[in-house]
Amino acid sequence: MSVTTRREDNVGYVTIDSPPVNAIGRSVRTGLRDAVTWAEQSNLERVIISGAGGMFAAGADTKEFDSDPVEPHLPDVLNAIDQSFIPWIAAIEGVALGGGAEIALACDMRIMAPSASIGFPEVTLGVIPGAGGTQRLPRLVGLANALDMITLGKPVKAQLALDIGLVHAVDEDPVYAAFMVNSEALGSFVSVRDLPVPMLDAAILNAARERINSKSSGQIAPHKALDIIEAGIGLPFLEGLDIERKTFLTLRGSEQAKALRHVFFAERGAKAPADLTAKPVELAHVAVVGGGLMGSGIAYALLNSGFRVTILETDDDGVERACTNVDTIIAASLKRGLIDEAGSNERRKRFAATTNYNNVSDATLAIEAAYESMDVKRTVFAALEQALPAHAILASNTSYLDLNEIARSVSDPSRVIGLHFFAPAHIMKLLEIVVGAHTSDTALATGFVLGKRLRKIPVAVGVCDGFVGNRILARYREAADTIFMDGSTPWDIDEAMVEFGYAMGPYAAQDLSGLDIAHANRRRQDATRDPARRYIPIADRMVELGKLGRKTGAGWYRYPGGGGRVDDPIVADLALEEAHFAGIKRVDYSADEIRERVLLAMINEAADILQEGIARNASDIDLVLVFGYGFPRWRGGLMHYADTLGAKTIVARLEELCKEDPIAWKISPLLQQCAANGTLISDAAPA
Ligand code: 3HC
């Protein structure tokens, strides 16, 4: 039974019971509809509705969104609750999200537990509230609050919900509190639908529109939500409901909603494989080698998750720098209200930095985040092997280096794994878990447990240059540089990719991270690079000119006075010059052509990555791109996006591009297979 009913004297208790999150699928809707009839026939004095398992309801069952809607529909069920002559009280524990929050709005009264939250995250799934949220919420909390909650999709905690009038009371035991509400008070509550609509306020609407443009650029649902809220102000309640429902159903089947649902479920699927039965090592004390920005970010992420952390450095200056770096992050978190004074002190107590490897003799995990040099890594791993217990896992945060070679520096390479964090490591959600040739299941299981404890998205990847993310990034940059040299500018390319949905283009992003890192990688790859492959020298020229990015005041762009970026004609001239010497007749690429080339290059590389088994499946590649590299979430990730183009179209275009450069555009066999078989790229598996 997805909804249970129980009567005690004159009080009816309706409980949504659909584990794990009380999602509102067909059986819950049916159960609720029947509960309304039951309550009315039983002539109850009140109904208290709550959720089993400490969770009110997580909203509509999104697994049903790929099929046609089935009766009873939620708006009808909620209208029945709303119109019932028996007062309904929502007793909210855990979360009331989306349709869950809409159930609460249809009730006559709402009481929340202090730790509970309530919200309308529909736009994060590419839809709008579809069961009255856009019509009831503005009546209850006013236009500005409703626009905030619905167009941003961020839930609010109980106290704020109380402050804005969304709920009537906050109580540790909301069910009991609902039972205690006196009958007179209960009779005085007005149904939300009967509250007056707020006044139309152009300033509030414009501010919300601007916020959507800047925060949710490219996304349709937040705009639609705003339009429907605005329209509802001038319409009778039922007409408002009607346009809301129609818009919800249209959006439900849209490409953006499908893409966002794909990412939602892919994110939840990012866990240890079911057949990984090895027991992870117990983790309490973790050693981090290197206290630079990456090492200190990793250290802070570990501290946040309750670990004891020791940073190992080479000298006293390094120790001091590590302490300063960690302290700076703690202070910033305190300032931003993410932790309180006690939390910051407690984190400091669990942290140490030292040059003495003997101090980590009880650590069961070490994460090396030292300088990207094989010699340095080998020395560090040899020292870690000596210092840590024999069962401890030894991890490297290397971004590019060969993990198998690193593993050869210890006598038992099965202890070695890659844990590739993304800067800033305490904020970025992606964790690439690099599985080497000898990595044990115990090490892998430990990697996944750590990822979960750090509340990151762990994705297992194989060993190759750049693993999944940086390998695709390298191809992204190579394609962009080729376009630049052959006929464009960094700013045009950046703009084209921002229009696609990236927060910033490849050149602005590289100016942030620094051009020297990629330069060092190119030098490392010199020995193994295919001499027949076209090499674009402009980035090397930039480094020669000292244009290393923001940190030197100039990179692909100039940053006069350390301020905002401006286009740099000297940079544009570099491409003219190089193209001239290479005898290239430059062409003028449109934004569409730029996007197409860059994205096809990435898709082609990703398909090779999948075929080689470097990624376990296509949706892992999507997670890497969305959570580590700024690929627009609402496009569902690279491989999901590729399927919207279709393998046949992709291969046909690649065949054209191959005529220009058969090496750079060599078509991935996996794409050819998908095109020939008419299968989805997302369904393709490693060879
Ligand atoms: N529908 C279907 N399944 C859902 C679901 C939903 N709305 N929400 C969560 N699940 C599933 C997850 O896929 C996961 O399944 P798995 O165990 O098979 O991987 C399981 O429930 C547990 O979810 P989490 O791992 O996310 O559990 P957490 O405890 O970390 O988080 C949560 C719980 C905060 C409820 C989180 O799952 C969440 O945010 N869910 C989505 C909420 C949402 O967006 N609701 C709006 C839906 S649209 C809507 O309501 C339209 C309406 O207006 C008509």
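A polar contact here is a pair of N or O atoms within 3.5 Å; within protein, one atom must be able to donate a hydrogen and the other to accept it, and residues adjacent in sequence count only if both atoms are side-chain atoms. This is a predicted model, in which local features need pLDDT of at least 70, side-chain atom pairs count only at pLDDT 80 or more, and totals for chains, interfaces and linings use all residues. Residues are numbered from 1 along each chain as its sequence is written, and side-chain values use heavy atoms, with hydrogens and water left out.

**The ligand site**

| Residue | Atom in the residue | Distance to a ligand oxygen atom |
|---|---|---|
| Gly99 | backbone N or O | 2.8 Å |
| Glu102 | polar side-chain atom | 2.8 Å |
| Glu122 | polar side-chain atom | 2.6 Å |

On its own, the ligand has 990 Å² of accessible area (Shrake-Rupley method, 1.4 Å probe). The protein covers 73% of that area. Helices (H or I, at least four residues) and strands (E, at least two) are DSSP runs, numbered from the N terminus.

Ala, Val, Leu, Ile, Met, Phe, Trp, Tyr, Cys and Pro count as nonpolar; Asp, Glu, Lys and Arg count as charged; the others, Gly among them, are polar.

**A helix pair**

Helix 10 (residues 221-233) and helix 11 (residues 237-252) have axes that come within 10 Å and cross at roughly 170°. Axes are lines fitted to C-alpha atoms, for helices over the stretch in contact, and angles run from 0 to 180 degrees between N-to-C directions. The two helices are therefore roughly antiparallel (angle over 145 degrees). From helix 10, Ala221, Lys224, Ile228 and Ala231 meet Ile243, Glu244, Thr247 and Leu251 of helix 11 (heavy atoms within 4.5 Å). These contact residues divide into five nonpolar, one polar and two charged.

**Backbone details in loops**

The peptide bond from Pro19 to Pro20 is cis, with omega near 5°. Pro20 sits in the loop between strand 2 (11-16) and helix 1 (26-41). Another cis bond runs from Ala423 to Pro424, with omega near -10°. Pro424 belongs to the loop between strand 15 (416-420) and strand 16 (430-435). Asp9, a residue other than glycine, has a positive phi near 50°. Asp9 lies in the loop between strand 1 (3-8) and strand 2.

Conventions
Parallel < 35°, antiparallel > 145°, perpendicular 65-115°, else oblique.
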